[in-house]
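User: I have a structure open and I'd like to go through it piece by piece. Can you help me read it?

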Amino acid sequence: MTDTNTTGGYLDMQLMRFTTAGSVDDGKSTLIGRLLYDSKSIFEDQMEAIELTSKRKGEKHVNLALLTDGLRAEREQGITIDVAYRYFATPKRKFIIADTPGHIQYTRNMVTGASTANLAIILIDARNGVIEQTLRHAYIASLLQIPHIVVCINKMDLVDYDEDTYNKIKNQFMEFAPKLDVKDIRFVPISALKGDNVVDRSTVMDWFKGSTLMHILENIYISGDQNYIDPRFPVQYVVRPQSDEYHDYRGYAGRIDGGIFNVGDPVKIFPSGFESKIKSIDTLNESLKSAFAPQSVTMTLEDDIDISRGDMIVKTNNLPESSQDITAMISWFHEKPLRLNGKYFLKHTTSDLRCMVKEISFKMDINTLERNFDDKEVKMNDIARIKIRTTKPIFYDSYRRNRYTGSFILIEEGTNETVGAGMIV
Amino acid sequence: MKKNNINHLRELESESIFILREVASQFENPVMLFSGGKDSIIMFHLARKAFYPAKVPFALMHIDTGHNFEETIKFRDDLAKKYGVEMIVKYVQDSIDEGKAVEESGVGASRNSIQTITLLDGLEELKVDCAMGGGRRDEEKARAKERFFSHRDEFGQWDPKNQRPELWNLFNGKKKPGEHFRVFPISNWTEMDVWQYILMENIDIPSLYFTHKRKVFKRDGSWLAHAPYMQLKDSEELVEMDVRCRTIGDITCTGVTLSKADKLEDIVEEIATTRVTERGGRADDKRSEAAMEDRKKEGYF
């Protein structure tokens, strides 16, 4: 953090969310520690506290992993259990890191962290090259449609900063890249421990002409990640002041999930099918002429129509899909396997309904990226393609087109636990 | 900013407003916990935005330890009056008088941890099914693992190892009778974001955040404000200094910083250059490495 924060420059800062994936000992915590440390986001008292703990445990170096492992059980077992969120800022951007554990059993955490990320950092240990887990991390990033992947080939200091090693690993990764659905993949050779190419350009790897990791994080173009094409406004809450001043006011509050809405635009409301025009777009500070994703606003319409939470307002010239029969990829989170013909609560945009699982089409072997049509038991951390039937039609886009109108979660009826995350095909 | 771009503060604002509207939609009887500190002040400001032009559709609730800065209480009451919002106040003293809570004694005694008892009793008495708090993930490492929608069992406890995954903007607030939720609308804000936002939106905050002269003493490396019910050790001595609060909580455990910052721009600048976390001055977190995690499991804010 620098003085740019104070001079009004902070009004031009952009928010970027990224996730970090790596196997145990790939140096993920060290990398995060390095990013936080070099961007001066680690404070003296935090540093003192982890120095003390490291010393107490008899460790030679300050263990930066202690910064991210927040729970007692994590520190005791030396593992990361849950998604932890970390924050740092540079004069250009504010960053939110979803730090997800890399163990085999924690696909659910990776999926969670990936669901809102603009970018994924995938770590590879330069000594080991591409391993099974690398494939899995890349597949999840692709499945969740993270727009940008940065593959960091770490521990270059342990392979003598060798260019050939770097190229070999890069080629290994690119061999299976065609199987992925990611448009933007970049590679950086780094040493998180020594700091090479993380924030500062490495002085020993002059053969590398690409950007440092921090340069990518700060400059990569993310404004285009948002869908500005398909206007979608799921109604979240109906604002009715019932005061003298706003006697007949009826506003539809929500967060725009896609596209741009302007005052005067003709709109259609689902499920009723009624049409109207946008009369105003209101916020406490000012009334707006137009609004776009991901703004939270309140709209009023020209006509008095019965609209409630769960309805969706769209533009008449760009309609979403509508169906009760949905095909989706599902990531399963729960110890109890997915039940064929089982009923679940379903949350999609702002609507709550129920659904029944009609078919389990195949399971994805995320280590080989092959489809398994024989074993159809969907257990915790499995990913499968399923067909469901909902109690009433939902209004959606494919997940590839819109992450917010194309996603849903399943909730177990008895326990109320979130058991699965779905991406509509 | 280019067209169709919003800055980081507007994006955080939009996310928080979404959460606040989810709370109003998914719960029957939510309250917003209000301490009079900056985090609860911006949380309330965001709530005004979320429901404009209607009034905020829930009450605020303050757990009063009785050991407050006077300015905080005045600020609290003025705010409730100005915006016509109900302010429920529950007193830790009542829990002590009823024998439900036992007060700590001696040097360093604080009512901070027994607040949880008053809080949980208050939530149960009023049949609250969701309590919103101004906790932020950057404050403390146990908080970094907290969800936006944090499920609490019938004893009000948090089970950090068994939290519901949160994906996209789908928040599962389903619960059984007797259970409740804690919701943290400003989870993703950092201390710097909060101050930049206060500056950008020109939000009123208590004068304690700006420099003022105060009688203070040093304990365990932090400056503490003096109040009549605080015991000083022999080695500690009262001095008058130019200080300001970086966080505002119970007076017995809230450290103050030496500062001459008298306007918001100065505070933002000070935060940008400071090398100590805001909770670094909080005696309640220093009790052990997992102090916050333990308190949170029991039902603390």
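User: How many residues of domain 2 of chain A are in contact with domain 3 of chain A?

Analyst: There are 11 residues of domain 2 of chain A in contact with 10 residues of domain 3 of chain A. Keep in mind that this is a predicted model.

User: What area is buried between domain 2 and domain 3 of chain A?

Analyst: About 850 Å² is buried between domain 2 and domain 3 of chain A, and carbon and sulfur atoms give 58% of that. On the domain 2 side, Arg232(A), Asp257(A) and Met312(A) lose the most area to domain 3 of chain A, together 47% of what that side buries.

User: How many salt bridges are there across that interface?

Analyst: The rule finds 1 salt bridge across the interface of domain 2 and domain 3 of chain A.

User: What about polar contacts between domain 2 and domain 3 of chain A?

Analyst: The count there is 4 residue pairs in polar contact, both residues being at pLDDT 80 or more. The side of domain 2 of chain A that touches domain 3 of chain A divides into 5 nonpolar, 3 polar and 3 charged residues.

User: OK, switching to the two chains. How many residues of chain A and chain B are in contact?

Analyst: The contact takes in 90 residues of chain A and 72 residues of chain B. The area buried between chain A and chain B is about 7,100 Å², with 55% from carbon and sulfur atoms.

User: How many salt bridges are counted between chain A and chain B?

Analyst: The count is 4 salt bridges between chain A and chain B. Arg309(A) forms a salt bridge with Glu22(B), and their closest N and O atoms are 2.8 Å apart.

User: Now some single residues. Is Asp265(A) buried or exposed?

Analyst: Asp265(A) counts as buried because its relative accessibility is 12%, and buried means under 20%. Asp265(A) lies in the loop between strand 10 (260–262) and strand 11 (266–270) of chain A.

User: Which residues does Asp265(A) touch, not counting residues up to four places away in sequence?

Analyst: With that exclusion, Asp265(A) touches Ile260(A), Ser276(A), Lys277(A), Ile278(A) and Lys315(A).

User: What about Ser351(A), buried or exposed?

Analyst: Ser351(A) is buried, with a relative accessible area of 12%. Ser351(A) is in strand 19 (residues 351–365) of chain A. Leaving out residues up to four places away in sequence, Ser351(A) touches Gly310(A) and Leu346(A).

User: Which residues have a positive phi without being glycine?

Analyst: Asp160(A) is one of them, with phi of about 55°, and Asn341(A) is another, with phi near 70°. Asp160(A) is in the loop between strand 5 (148–154) and helix 7 of chain A. Asn341(A) is in the loop between strand 17 (321–332) and strand 18 (343–348) of chain A.

User: How accessible are Asp160(A) and Asn341(A)?

Analyst: Asp160(A) counts as exposed at 69% relative accessibility. Asn341(A) is partly exposed, with a relative accessible area of 48%.

User: Last one: where is Asn167(A)?

Analyst: Asn167(A) is in helix 7 (residues 163–176) of chain A. Asn167(A) is partly exposed, with a relative accessible area of 29%. Asn167(A) and Phe274(A) are 107 residues apart in sequence and 58 Å apart in space, C-alpha to C-alpha.

Key
Residues numbered from 1 in each chain as written. Chains lettered and ligands numbered in written order. Predicted model: local features only at pLDDT ≥ 70, side-chain atom pairs only at ≥ 80, totals over all residues. Heavy atoms only, no water. Contact = heavy atoms within 4.5 Å. Buried area = accessible area lost by both parts, 1.4 Å probe. Salt bridge = Lys/Arg side-chain N within 4 Å of Asp/Glu carboxyl O. Helix = DSSP H or I, 4+ residues; strand = E, 2+ residues; numbered from the N terminus. Buried < 20%, exposed > 50% of the residue type's maximum accessible area, 1.4 Å probe, protein only. Polar contact = N/O pair within 3.5 Å; in protein donor to acceptor, adjacent residues only side chain to side chain. Nonpolar A, V, L, I, M, F, W, Y, C, P; charged D, E, K, R; others polar.
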